[in-house]
Amino acid sequence: MLAALLVMALGAVVLGAALGYAAVRFRVEGDPLVEKIDAILPQTQCGQCSYPGCRPYATAIAKGEAEINQCPPGGDEGIRKLADLLGREFKSLSAEHGIEKPKSVAVIDEQICIGCTLCIQACPVDAIVGASKQLHTVIARQCTGCELCLPPCPVDCISMQAIRESVENWKWKYPVFKINPAQREAA
Amino acid sequence: MTALQRLFKFNGGVKPAYNKEASTRLPIAVAPTPTLLVIPLHQSIGGMPRPLVKPGERVLKGQRIGGADGNVSSAVHASTSGTVIAVEMRLMPHTSGLSAMCVVIEPDGRDEWIPHGPFDFRNASPTQIHDYLRDSGVVGLGGAVFPSYLKLNPEKQRNLDTLVLNGAECEPYITCDDVLMRERAATILQGALVMRDMLGAGQVLIGIEDNKPEAIAAMEAAAHAVKTAVGESSVKVVSVPTLYPAGGAKQLIRVLTGIEVPHGKRSTDYGVQCFNVGTAYAIFEAIALGQPLISRIVTVAGNVGQPRNFEVLLGTPMRDLIALCGPLPDSDRVIMGGPMMGLRMPDDSVPVVKAANCVLVGSSDLFPPPPPEMPCIRCGECAKACPADLQPFELYWFARAKIFGKAQEYDLFDCIECGCCAYVCPSHIPLVDYYRFAKSEIWARELAKVSSDEARERYEFRMLREEREKQDHAAKLAAKAVARREKAAAAKTDAAKVATTPEQDEKKALIAAALERVRAQKEQIQPENTINLTPEQVAEVAAIETRRAEIREMAKPHVWQDD
């Protein structure tokens, strides 16, 4: 009786120690779910989801505090991916957070810019170059199109321009077979 | 007689009607210089070259008008002498029907060359060869337009034993390589030897499909001439069976050497490098004559009265070329390339570019519209025909369902878009269209992923920087407060201290001495306007002085005695 108890107790102690060691040794840094959600979000850092950036929104989704349909730049495709990842139901984009727009970049009208640096301070990805009383300009390649630079501009010299289709970014279209009415009649 | 060479086979392939004879009956003609040359800046794989000329500028034949931009990019040159009349967006020879930057040149008819001469590559460093070929604008002329200087890098490609020259030209209608080999075999061979020397390759294999006996004979004669002249015996002309797509680089390498280049590897990993015969010709012109790539041989075929090959200045409108061959009245489309892999042009005004091996004129009689697409019946014919050993039906299902990850798992990017699968498909499914769609979607997504990763990095760095700035600011404020307190404390102790150190005394004495010197100097100086004055002036000065004294007295703050 006593031997059995001792054996069980010893087993519990040994296993407990092993588990405790493993918990310390193989501790997972950060929340992998947040990382996965963050990888799906488009990283525009626009704040339209009502969180101050993509990562805070990812954290909120992981905690179950936010819905998955609050990201307009990600669009329906982004929501679908989040739904797949989290095993939730797909929901269409929530209207209060905005609508999906074509990808665009901010352009500063250099004739009007007064060099106030307010847009530089607003840009979440440091994509605007300039200094006080010097002309500012947007690095188009790094602009995420978040529109956060628009409200602070005192002279309204920033506009959003949709990225035009060019030979470089042109995509082959999904093949659609045109049904020819004449052919059908003949057949 | 063809050199004895053990040949191998690739899987799949089809035998479409070749239709090559018509355009080989006449020799290569030089196409006349058009009234306007439209030279697109972007004519190769890689970065878009930056324009080097401005409207109004006079350019000479062979002058660089677009400089290579980035690690993968190739220069473009003026095809003849003339005046640049615009650098603007023009319709590109591209299926999209979109425009891109082009240099528009009005030829002056003098065809005046820029000074040029041979390049001594044997005494040049690899970097010099690299830069020279990049600035000569030589790219692969088989259709892929990959910059040749990147393939001719001896430092990267050690232990190369075979240089394959691709003269297979398997696509129907196209005969530009065929006639080039018939007429200019010796030059091609010279170019091949230059490339062999650059790469240090052991042997040169020239693979030509056996439906071009004249080209094989011409190349063999040239090889024999080289052998008798300089004892060069490393060149072998090999006749390969006619089977589309034997002219694919991987397919030809497999036929000639038996090496099957696996997924994710390059042929150079197995000691083989492959060039088109037209590229060898262009290399010879660039190295031995110093002439950049400004023209190429183009087959004009299809729905025209007299199909023929032309030596065409790059930038010549396709319309001008077609007019030389007498297009038939029912022509309704222009295809760049052949019927299997060619791209339909938005209209016939687009210019001939480095990639244009053939201008194929079509009509609905010659290329009838495909019958309606029917459902896939899982017959597996496409897999039997695929020369890249893929499973086209799987790729089709995944591309159609837009499951791109799976399509990539089935090696979508090993597809060479040869069109064999669509050719044999009994359900007439435009399979290649689905693969092209899936490929461009995957590319777009990968680009978006790269830029979103960059945005995340930049955002996180900004957050970090803001946090650091906040901390720095707080630390500065704290330091200032401490300094102020210390100063106040120090002032108190100073006041308490009466005795001064000898050093301070010494300093004070020095200062006092300096002040004394300055005062003495000031006294020595006499204002010069007060010497040699007349008595009247002296009286006047005295009067002014007294007035001033009075005013000074008045301006003094009054001291009230009553207080």
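Two strands count as paired when DSSP finds at least two bridges between them. With that in hand, here's a quick tour of this predicted model, taking in where chains A and B meet and how strands E14(B) and E2(B) pair up with their neighbours.

**Where the chains meet**
- On the chain A side, 19 residues are in contact with 22 residues of chain B.
- Those chain A residues split into nine nonpolar, six polar and four charged.

**Strand E14 of chain B and its partners**
- E14(B) covers residues 308-313, and five of its six residues are buried, so the rest of the structure largely encloses this strand.
- E13(B), residues 295-302, runs antiparallel to E14(B), with six bridges joining the two.
- Within that pairing, Phe310(B) of E14(B) sits opposite Val298(B).
- E13(B) and E14(B) make a hairpin, with five residues between them.
- E14(B) also pairs with E1(B), residues 29-30, this time in the parallel sense and over two bridges.
- Here Val30(B) has Glu311(B) in E14(B) as its bridge partner.

**Strand E2 of chain B**
- E2(B) spans residues 37-40: Leu37(B) and Ile39(B) point one way, Val38(B) and Pro40(B) point the other way, and all are buried.
- Which strand does E2(B) pair with in the antiparallel sense over four bridges? That's E8(B), residues 99-107.
- Val38(B), one of the buried residues of E2(B), has Val104(B) in E8(B) as its bridge partner.

Note on methods: Residues numbered from 1 in each chain as written. Chains lettered and ligands numbered in written order. Predicted model: local features only at pLDDT ≥ 70, side-chain atom pairs only at ≥ 80, totals over all residues. Contact = placed C-beta atoms within 7 Å. Nonpolar A, V, L, I, M, F, W, Y, C, P; charged D, E, K, R; others polar. Buried ≥ 20, exposed ≤ 12 C-beta atoms within 10 Å, placed from the backbone.
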